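User: I have a protein model open and would like to go through it. Can we start with the surface?
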Amino acid sequence: DIFQQCDADRDGMLNQQEMMRFAHLTGFDGDEAEWSEEYRRLCNDCGVSAIDAVLFAHLINDPQDGGCYCADDELQKIIDELKNAP
């Protein structure tokens, strides 16, 4: 699944760098400083310091502003890209 593919250190959480990989695949085109601010805002909004699998699933399935909503076809494209990445 996408969460496991992004969780490079296998600690059950997506840190800023790991989540940035997903963000770029969903169209985020900012630099590392911009992502740092966005990730910090996302974590603050959710009351966490990193993104776990449950929160990640909520974020990608919640069409409200502030989430990371992805339609099923977009999720499939991301899965394919992650599987084909080195």
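User: How much accessible surface does the protein have, and what share belongs to carbon and sulfur atoms?
Analyst: The accessible surface comes to about 5400 Å², and 47% of that belongs to carbon and sulfur atoms. Areas come from the Shrake-Rupley method with a 1.4 Å probe, and for residues only the protein chains shown count as cover. This is a predicted model: local features need pLDDT of at least 70, side-chain atom pairs count only at pLDDT 80 or more, and totals for chains, interfaces and linings use all residues. Residues are numbered from 1 along each chain as its sequence is written, and side-chain values use heavy atoms, with hydrogens and water left out.

User: What share of the residues is buried?
Analyst: Buried residues are 31% of the 86 in the protein. Buried means under 20% relative accessible area, exposed means over 50%, and partly exposed is in between (1.4 Å probe, protein chains only).

User: Which helices and strands are there, in what order?
Analyst: There are five helices and two strands, running α-β-α-α-β-α-α from the N terminus. These are DSSP runs, numbered from the N terminus: helices are H or I with at least four residues, strands are E with at least two.

User: What radius of gyration does it have?
Analyst: The protein has 12 Å, which agrees with the value near 12 Å for a compact globule of 86 residues. The radius is taken over C-alpha atoms, and the globule rule is 2.2 Å times the number of residues to the power 0.38. Along the principal axes, the C-alpha atoms fill a box of roughly 30 × 25 × 25 Å.

User: Switching to charges. How many salt bridges are there?
Analyst: The count comes to three, where a salt bridge is a side-chain nitrogen of Lys or Arg within 4 Å of a carboxyl oxygen of Asp or Glu. One of them joins Arg-40 and Glu-37, at 2.7 Å from N to O. Both residues lie in helix H3 (residues 32–46), three residues apart, about one turn of the helix.

User: Which residues are linked in a network?
Analyst: Glu-38, Arg-41 and Asp-45 are. Arg-41 pairs with Glu-38, with the closest N and O atoms 2.4 Å apart, and also with Asp-45 at 2.6 Å, N to O. Arg-41 is partly exposed at 30% relative accessibility, and so is Glu-38 at 29%, while Asp-45 is exposed at 54%.

User: What about Asp-7, buried or exposed?
Analyst: Asp-7 is buried yet has no salt bridge. The nearest side chain of opposite charge is Arg-10, 5.1 Å away; Lys and Arg count as positive, Asp and Glu as negative, and His and the chain ends are not counted. Asp-7 sits in the loop between helix H1 (2–6) and strand E1 (13–14).

User: Where is Arg-10, then?
Analyst: Arg-10 lies in the loop between H1 and E1. Arg-10 is exposed, with a relative accessible area of 58%. Its phi is near 55 degrees, a positive value in a residue other than glycine.
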